[in-house]
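Please look over the structure below, and then read the notes that follow it, which are grouped by topic.

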Amino acid sequence: MAKKTGLGRGLGAIFGEDVVDNSGAEREGGNVSRETSPGEKEEAGKEYMVRLSLIEPNRTQPRKDFNPELIGELADSIKKYGVLQPLLVQKNGENYEIIAGERRWRAAKEAGLKEVPVVIKEYTRQQAMEIALIENVQREDLNPIEEAQAYQQLMQEFELTQEEIAERVSRSRTAITNCMRLLKLDKRVQDMLIQGQLSSGHARALLALENGDSQYQIALKIVDQRLSVREVEKLVKLLGKPKKEEKPKEEDRDLSFIFEDLEERMKQVMGTKVIINKKDRNKGRIEIEYYSEAELERIVELIESIG
């Protein structure tokens with residue numbers, strides 16, 4: 001009997017080994033991919049050939065960004081060898097909705113195929129989303145933001161805990177938590193992460209900055225100066241330190257007290273406000289205020305009388 005080639009523990013746990021196994025007993029027994037006849041009812045778990053025009057994308061597909069270059073490479077492979085792994089679909093009226101395999105479906109269309117192999121199953125909305133997420137996570141097809149948004153949707157729409165999600169996708173709860181924290185980043189920084197300008201490590205380092213503008217400015221600096229994650233961590237740590245107020249030296253405090261006393265004594269003599277602006281211990285400027293022409297003349301006469 002041929003060896004099973006499963007998509008992973010997470011997928012098998014959700015929809016069974018009969019679907020995960022794409023090379024097992026059915027193929028050996030001669031019951032290979034075939035096109036359904038008019039009026040024939042498809043059997044769940046069986047493999048069929050279905051026209052591409054009857055297949056539509058998954059509405060809950062967590063992956064939003066499909067690299068045209070990679071789709072083109074897969075299309076070239078499909079032209080040579082065909083679609084080696086059937087799409088997983090479920091009935092949707094007269095059509096079929098993709099649960100797993102949208103990348104293969106897009107590449108098959110680009111390759112000019114008229115039909116592709118599919119395995120038909122029936123799932124709840126939650127199961128369909130979980131399967132699509134698991135396939136993408138196991139193939140590392142999602143960017144970090146798409147992955148985080150998928151986890152968030154599972155939590156919000158189906159009230160799953162992070163522990164439950166971690167179990168389904170065969171990851172640690174810490175990994176799920178760290179991934180979802182990326183959604184706290186400034187939207188501009190998230191876009192840079194989606195475009196591959198920043199790594200997840202860079203992005204996690206920026207989370208220490210609460211201000212979105214600060215996150216974005218450092219993100220631009222990361223790209224411009226090609227900073228490493230460690231350099232970003234040091235920079236963020238430096239920015240996060242509160243500035244220490246410089247304490248006045250003991251000598252400066254003594255001088256301030258002396259000049260305040262001198263200002264008060266001159267005020268008593270002049271009969272108006274006097275300010276001493278010191279540059280250093282030995283240099284400075286004295287300002288004497290007046291509020292009328294008569295007061296100015298009085299101050300001048302007072303200074304002259306001192307001479």
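Leaving aside neighbours within four places in sequence, Val116 is in contact (heavy atoms within 4.5 Å) with Tyr48, Met49, Val50, Leu52, Ile55, Val83, Leu87 and Ala108. This is a predicted model, in which local features need pLDDT of at least 70 and side-chain atom pairs count only at pLDDT 80 or more, while totals for chains, interfaces and linings use all residues. Residues are numbered from 1 along each chain as its sequence is written, and side-chain values use heavy atoms, with hydrogens and water left out.

**Nonpolar cores**

- Val116 belongs to the largest nonpolar core, which has 21 residues, and Ile55, Leu87, Val116 and Val118 are the members that touch the most other members.
- A nonpolar core here is a set of buried Ala, Val, Leu, Ile, Met, Phe, Trp, Tyr and Cys residues joined through side-chain atoms within 4.5 Å, where buried means under 20% relative accessible area, exposed over 50% and partly exposed in between (1.4 Å probe, protein chains only).
- At least two residues of this core come from each of strand S2 (47-51), helix H4 (68-81), strand S4 (87-92), strand S5 (95-100), helix H5 (102-111) and strand S6 (115-120); helices (H or I, at least four residues) and strands (E, at least two) are DSSP runs, numbered from the N terminus.
- A second, separate core of 18 residues includes Leu185, Leu206, Leu209 and Ile222.
- In soluble globular proteins, nonpolar side chains tend to be buried together.

**Helix H9 and its partners**

- In helix H9, which covers residues 173-181, Ile176, Cys179 and Met180 are buried.
- Seen down the axis of H9, these buried residues fall within an arc of 95° (taken from the directions from the helix axis to the C-beta atoms), so they line one face of the helix.
- Between H7 and H9, the residues Pro144, Glu147, Ala148, Tyr151, Gln152 and Met155 of H7 meet Ile176, Cys179 and Met180 of H9.
- By class, this contact of H7 with H9 has seven nonpolar, one polar and one charged residues; Ala, Val, Leu, Ile, Met, Phe, Trp, Tyr, Cys and Pro count as nonpolar, Asp, Glu, Lys and Arg as charged, and the others, Gly among them, as polar.
- H7 and H9 pack at an angle of about 110°, with their axes 8 Å apart, where axes are lines fitted to C-alpha atoms, for helices over the stretch in contact, and angles run from 0 to 180 degrees between N-to-C directions.
- H7 and H9 are therefore roughly perpendicular to each other (angles of 65 to 115 degrees).

- Gln190 is found in helix H10 (residues 187-194), and at 8% relative accessibility it counts as buried.
- Leaving aside neighbours within four places in sequence, Gln190 is in contact with Ile145, Leu182, Leu183 and Leu185.
- The C-alpha atoms of Gln190 and Pro144 are separated by 9.0 Å, although these residues are 46 residues apart along the chain.

**Positive phi in two loops**

- Most residues other than glycine have a negative phi.
- Glu159, in the loop between H7 and H8, has a positive phi of about 55° although it is not a glycine, and Glu159 is exposed, with a relative accessible area of 68%.
- Arg226, in the loop between helix H12 (212-225) and helix H13 (229-240), has a positive phi near 55°, and Arg226 is exposed, with a relative accessible area of 76%.

Methods
Parallel < 35°, antiparallel > 145°, perpendicular 65-115°, else oblique.
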